[in-house]
Amino acid sequence: MTAQLIDGKLIAQQVRDAVAVEVAKRTAAGKPKPGLATVLVGDRVDSATYVASKQKACQELGMDSFHNQLPGDATQEQVEALVKRLNADPKVNGILVQLPLPSHLNEERVLQLINIEKDVDGFSPINIGRLAQKGRDPLFVPCTPYGCIYLLEQAGVKIEGANAVVLGRSNIVGMPAALLLIGKNATVTVCHSRTRDLPGVVRQADILIAAIGKMEMVRGDWIKPGAAVIDVGINSKPDATRKSGYRLVGDVNFDEAKEVAGFITPVPGGVGPMTIAMLMKNTLRAAQIQQGE
Ligand code: NDP
């Protein structure tokens, strides 16, 4: 292996420790605990697991968490009424609506209802709009892309002036990651399912962020020697040696890429733990903003 491993588990733990210290200082000073409200509509097992990890993180860091569960057939009005109630609740500093919502609901309308000061996921159109505008800062940066950039910075990768390639243009990962890289003065190419000659484009990348959800699609010979590779993908690969029958792999063929890249994140243990760590950081920030700090 020639690449330096970027240890997301360790870096996420450092972020969490720093948040916990700050929360403890605030509570010792008599300030209320930061509080995160989670909203889960329906009973998707993966969504329930993500929400449970977020609640657990709140407890571990000394924050309050308030869970709100609605049935899968909840109406638009019910979901909106819940968000409005959480907007008005002073104990709730951050609101996280777990996506995806069931398909009969209008996700955009729900997200734009969240008070911008409580939008700890950073998905409201106002936050994303600010991210896209030069010289404007969003109140909150979406957690997974925030984690990607944080990992690059912690690894000492120079973003300014670099050629960065982002694979994927989703609202939650690819597009905000590209906007963040532009904001940090990288020259950014965004690829998607209609991009021609993907290997050729990826070979230009000093920094590669892969977020396409295609198991090990990026091969070692696509990687520019010395490049920094951030693998966001989470895919289940059949593995008879595991009790579960599968293991998690990324969008990048790790075994091949680690021989060429300069830096690389593993899956699991790379970007994954950063998402919740950045959510906790955003929730603390929300409490600080709401208390006028
Ligand atoms: P989406 O399915 O919303 O978006 C996938 C993107 O990849 C789309 O822009 C799509 O293009 C593009 N794409 C799909 N196939 C190809 C292809 N063959 N070549 C080039 N581009 C392609 O996924 P998400 O952004 O939500 O998630 C991406 C991955 O990241 C998933 O594996 C997901 O599990 C993981 N993830 C991990 C998180 C973490 O915490 N680590 C958090 C969130 C996601 P088009 O727009 O043209 O359809």
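Helices here are DSSP runs of H or I with at least four residues, strands are E runs of at least two, and both are numbered from the N terminus. You're looking at a predicted model, where local features need pLDDT of at least 70, side-chain atom pairs count only at pLDDT 80 or more, and totals for chains, interfaces and linings use all residues. Residue numbers start from 1 along each chain as its sequence is written, and side-chain values use heavy atoms, with hydrogens and water left out.

Let's start with a helix pair. Helix 1 (residues 8–28) packs on helix 6 (residues 143–154) at about 100°, the axes being 11 Å apart; axes are lines fitted to C-alpha atoms, for helices over the stretch in contact, and angles run from 0 to 180 degrees between N-to-C directions. The two helices are therefore roughly perpendicular, a label for 65 to 115 degrees. In contact terms (heavy atoms within 4.5 Å), Gly-8, Ile-11 and Val-15 of helix 1 meet Tyr-150, Leu-151 and Gln-154 of helix 6.

Now follow helix 6 to the sheet: it lies across strand 7 and strand 8, at about 150° to strand 8. Strand 7 (residues 207–210) and strand 8 (residues 228–231) run parallel, joined by four bridges; pairing takes at least two DSSP bridges. Ile-209 has Ile-230 in strand 8 as its bridge partner. The whole open sheet has six strands, ordered 1-11-8-7-5-6, with parallel pairing. Strand 1 (4–5) and strand 6 (187–191) are its edges, each pairing on one side only.

How values were computed:
Angles under 35 degrees count as roughly parallel, over 145 as roughly antiparallel, 65 to 115 as roughly perpendicular and the rest as oblique.
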